[in-house]
Amino acid sequence: MVILTLNCGSSSAKYQVYDWEHKDVLAVGNVEKVTQGGSFISHRAKGKDEYTANHDCPTHTEAVDLIIKTLTDPAIGVISDMNVIKSVGHRVVHGGDKFTKSVIVDKKVLEGFNEMIDMSPLHNPANIMGIEAAQKILPQVPHCAVMDTAWHQTMPASSYFYAVPQEWYEKYSVRRYGFHGTSFLYTAKRAAVLLGKDPFKTNLIIAHLGNGSSINAIKDGCSFDTSMGITPLEGLVMGTRSGDMDPALPFYVMRKTGMSAADVESALNRKSGLLGITGSLTDRRDIEAAVQKGDAQAALAQDIEAHRVKKYIGAYQAILGQVDALVLTAGVGEFAHFMRKKILEGLEGIGIIYDPKKNEMARTRNTETLISKAESKIPVYVIPTDEELVMTEDAYALMAGTYEVHTNFTYTFQQKDYVNKSRAQGLIQELAKSPELKDIIAVPK
């Protein structure tokens, strides 16, 4: 049985093909520059060379069609025909308070997603287009939606309510929702395995650091508070998003410049964050290179980003009390050792003591690593996220009728002996080149 997962962004369509019987990834890829012109596909299939090709995709319908044609191509594909695909899992960024868990998509569900567009104008339209495109090409299989916001539905009212007129919530659903839920779910469950603890007796702080970043306080295995709000704009400093700021700032800028509300909203989402500080950079590698060349604005961008993450770590330790581990994940969290260094330095006072050498070595997606010193009261793990696997397992369970919310459901990756076959093979190759990596591999207790 093959399960396809799709993650359609505003200008991209990422995918993964998973062999459920053998618990193995058959192929992954991405169609980039969808709707923008000059679009192309990058495709990696098990046992085959990487394949790239230009192909015009003016909408997500063409992108999904291209993905299917690539997957079924005799030379570069991995399946014989579309009938092999038995379920499709889709990422949906904003499910609001209507969708508290993953669901099989029908007309009513799509109508609900459309109602959330005002709260996620950059993401939900693309998610919806991807679902509709896939439904046209694969009408005979169940399509399942996995919401970023669903994981955070366990937050108490004291965490998700804003101190604004109550009628705004009652009429317009104004509240904190949080995002990156599939990533937090995966890394929280894996952290519990590494700690040898019952997941529902585990307190964690998890930082998902990428172009979009957020941090999650997890109490007794459930989301307790998170940095993103009604939209993904609030919280940490991100690639192009401002994160936290004075709520009066937009009104001040509008009065001074004559900018419209839409103009300011766009600037805060697309022209702020690291891009706003540096003037041109968002990739942390480019920023680090600029720092090494003496670029003062690049150095400031790093300092501001690290400062914001530190503040949240301290705040979340205060609200959790006991913290069993700090987890860093996503592209920056997994690879940008120089940013991890800036974030972790100086946290000895709250019981976090990182090891500079281990931190330098931990740059892999193929294994979980422990980068704190033995005397650190709070261990620091780098756990490569696997949102696609969460989507795959939810899609299968929905199809089989066995799915439930994570508090009543056990994922395969919660097993102590769980192995990601694709990553395990990659780790063998990495260890052949860097045998010292084995010294920091996190082993379940």
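Leaving aside its neighbours within four places in sequence, which residues is isoleucine 205 in contact with? In this predicted model, where contact means heavy atoms within 4.5 Å, the list runs to Ile215, Asn216, Ile313, Tyr316, Gln317, Leu320, Val323, Ala325, Leu326 and Val327. A word on the ground rules: the model is predicted, local features need pLDDT of at least 70, side-chain atom pairs count only at pLDDT 80 or more, and totals for chains, interfaces and linings use all residues. Residues are numbered from 1 along each chain as its sequence is written, and side-chain values use heavy atoms, with hydrogens and water left out.

Ile205 belongs to the largest nonpolar core, which has 33 residues. Such a core is a set of buried Ala, Val, Leu, Ile, Met, Phe, Trp, Tyr and Cys residues joined through side-chain atoms within 4.5 Å; buried means under 20% relative accessible area, exposed over 50% and partly exposed in between, using a 1.4 Å probe and protein chains only. Among the members touching the most others are Ile205, Leu209 and Ile313. Helix α11 (296-320) gives the largest share, six residues. Helices (H or I, at least four residues) and strands (E, at least two) are DSSP runs numbered from the N terminus. A second, separate core of 32 residues includes Ile383, Tyr403, Phe409 and Phe413.

Now for helix α3 (residues 124-137): its buried residues include Asn124, Ile128, Ile131 and Ile137. They pack against β1 (2-8), α1 (60-71), β6 (85-92), α2 (107-115) and β8 (143-147).

Over in helix α9 (residues 273-278) sits glycine 276, which is partly exposed at 46% relative accessible area.
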